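Hi everyone, thanks for making time this morning. I'd like to walk you through a model, so please have a look at it while I talk.

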Amino acid sequence: MQRLIPTGNQARPVAFAEDAQPVPEPDEALIRVEAFSPNRGETFLLEQPGAGLCPGKDVAGLVVQAAADGSGPQTGTRVVGHPAQGGWAEYAAVPTHSLAVLPDDIGAVRAAALPLAGITALRLLRAAGSVVGRRVLVTGASGGVGHYVTELAAAAGAEVSVVTATPSRGERLRALGAAAVVHKVAEAQGPFDVVLESTGGAHLPVAVSKLAPGGTLIWFGQASRTPVTLDFFDLLGGPEGATIRHFHYAGAPYGPDLTTLVRLVEGGRLHPEIGLVAGWEQTAPTLVDLRERRIRGKAVLTTGTVR
């Protein structure tokens with residue numbers, strides 16, 4: 001089969017290579033990948049790829065071999081999955097605990113846009129607790145997580161403000177439920193009960209200053225790739241009792257959250273924001289555009305004929 005492997009070349013970070021079809025573990029199903037969606041964090045790993053790196057965490061396709069232990073979907077079932085790696089290939093072995101069955105009306109392209117970003121959004125909001133009637137600020141809202149968390153938080157009853165780089169992206173976030181759109185964190189009209197912060201650098205201290213007394217900032221990314229400097233005396237003069245929490249989405253099983261995301265999409269309550277769909281021969285330039293933040297929402301690559 002064919003697989004995309006790292007090249008170490010930032011201008012063309014992946015290339016096709018022949019590889020053996022994966023042999024699933026007893027609790028894994030073999031999936032014929034129809035579509036996959038790269039994440040911006042994966043583009044950073046490709047800059048200095050470790051030995052044996054086989055990228056790909058967000059896939060959708062068809063079960064061609066059910067798990068030997070009898071768990072999970074049967075052969076011929078359409079699924080979305082979140083393997084640890086190996087998804088940028090014609091076939092991928094995926095643990096059955098990290099698969100969800102797809103209904104007929106959700107195609108592989110939409111499904112592939114769900115896993116990492118959607119799971120992160122769900123788990124961020126769980127970490128934040130009830131957001132009903134609360135004021136929430138989302139920084140770096142132009143990406144996949146930002147779109148999902150905006151729509152989910154607004155539907156849950158939050159008053160959501162978002163920070164995004166361009167007016168066109170702001171219009172889409174308003175359509176998903178954002179009450180206010182600004183282009184810089186400093187412009188956000190606080191105070192906020194919850195700040196979901198993903199840019200780091202100089203933005204995080206400003207975001208902290210926007211918190212209400214007793215408010216919480218959940219720090220889940222550093223898209224700026226710039227370390228954060230916090231000054232104790234700035235914090236001392238800022239919101240009383242503010243909490244800064246580190247967050248990382250990872251932790252299997254992912255199947256229950258994928259099932260929730262599929263149900264929300266099927267019910268018209270969650271709308272994957274897909275900024276690009278292309279054949280997987282366009283993966284290398286797509287990764288560069290994703291790294292340079294030229295794609296709104298998710299990019300999805302297809303391996304052939306998809307539903």
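Let's begin with the second largest pocket, which holds about 220 Å³ of space. Before going on, please keep in mind that this is a predicted model. Which elements give two or more residues to the lining of that pocket? They are helix 3, residues 115-128, and helix 4, residues 144-155. If you want to find the pocket on your screens, look for lining residues including Leu-122, Leu-125, Arg-126, Glu-151, Leu-152 and Arg-269. By class, the lining has seven nonpolar residues, one polar and three charged.

Now to the charged pairs. As a reminder, side chains of opposite charge can pair when their charged atoms come close. How many salt bridges does the structure hold? The count is 10, and I'll take you through some of them.

One of them joins the side chains of Glu-47 and Arg-225, at 2.8 Å from N to O. Glu-47 sits in the loop between helix 1 and strand 4, Arg-225 in the loop between strand 12 and helix 7, and the two are 178 residues apart. Arg-225 is partly exposed, because its relative accessible area is 42%.

Next, Lys-298 pairs with Asp-58, with 3.8 Å between the closest N and O atoms. Lys-298 belongs to strand 15 and Asp-58 to the loop between helix 1 and strand 4, so this bridge ties together parts 240 residues apart in sequence. Are these two buried or exposed? Lys-298 has a relative accessible area of 5%, so we call it buried, and Asp-58 is buried too, at 0%.

Then there is Glu-273 with Arg-172, where the closest N and O atoms are 2.6 Å apart. Glu-273 is buried at 7%, whereas Arg-172 is partly exposed at 26%.

There is also a network: Arg-123, Arg-126 and Asp-257 are joined by salt bridges that share partners.

Last stop, the surface. Leu-230, Leu-235 and Ile-244 make a nonpolar patch of about 210 Å². Leu-235 is in helix 7, which covers residues 232-236. With a relative accessible area of 34%, Leu-235 counts as partly exposed.

That's my tour, and I'm happy to take questions.

Technical notes
Residues are numbered from 1 along each chain as its sequence is written. This is a predicted model: local features need pLDDT of at least 70, side-chain atom pairs count only at pLDDT 80 or more; totals for chains, interfaces and linings use all residues. Side-chain values use heavy atoms; hydrogens and water are left out. Patches are made of residues with over 30% relative accessible area and no salt bridge: like charges are joined within 9 Å, nonpolar side chains (Val, Leu, Ile, Met, Phe, Trp, Tyr) within 5 Å. Accessible areas come from the Shrake-Rupley method with a 1.4 Å probe; for residues, only the protein chains shown count as cover. A salt bridge is a side-chain nitrogen of Lys or Arg within 4 Å of a carboxyl oxygen of Asp or Glu. Helices (H or I, at least four residues) and strands (E, at least two) are DSSP runs, numbered from the N terminus. Buried means under 20% relative accessible area, exposed over 50%, partly exposed in between (1.4 Å probe, protein chains only). On a 1 Å grid over the protein atoms alone, a cavity is a set of points where a 1.4 Å probe fits but cannot get out, and a pocket is an open set with protein on both sides within 12 Å along at least five of seven lines; lining residues have an atom within 4 Å of a point. Grid points are joined across faces, edges and corners, and a volume is the space filled by probe spheres set on the points. Ala, Val, Leu, Ile, Met, Phe, Trp, Tyr, Cys and Pro count as nonpolar, Asp, Glu, Lys and Arg as charged, and the others, Gly among them, as polar.
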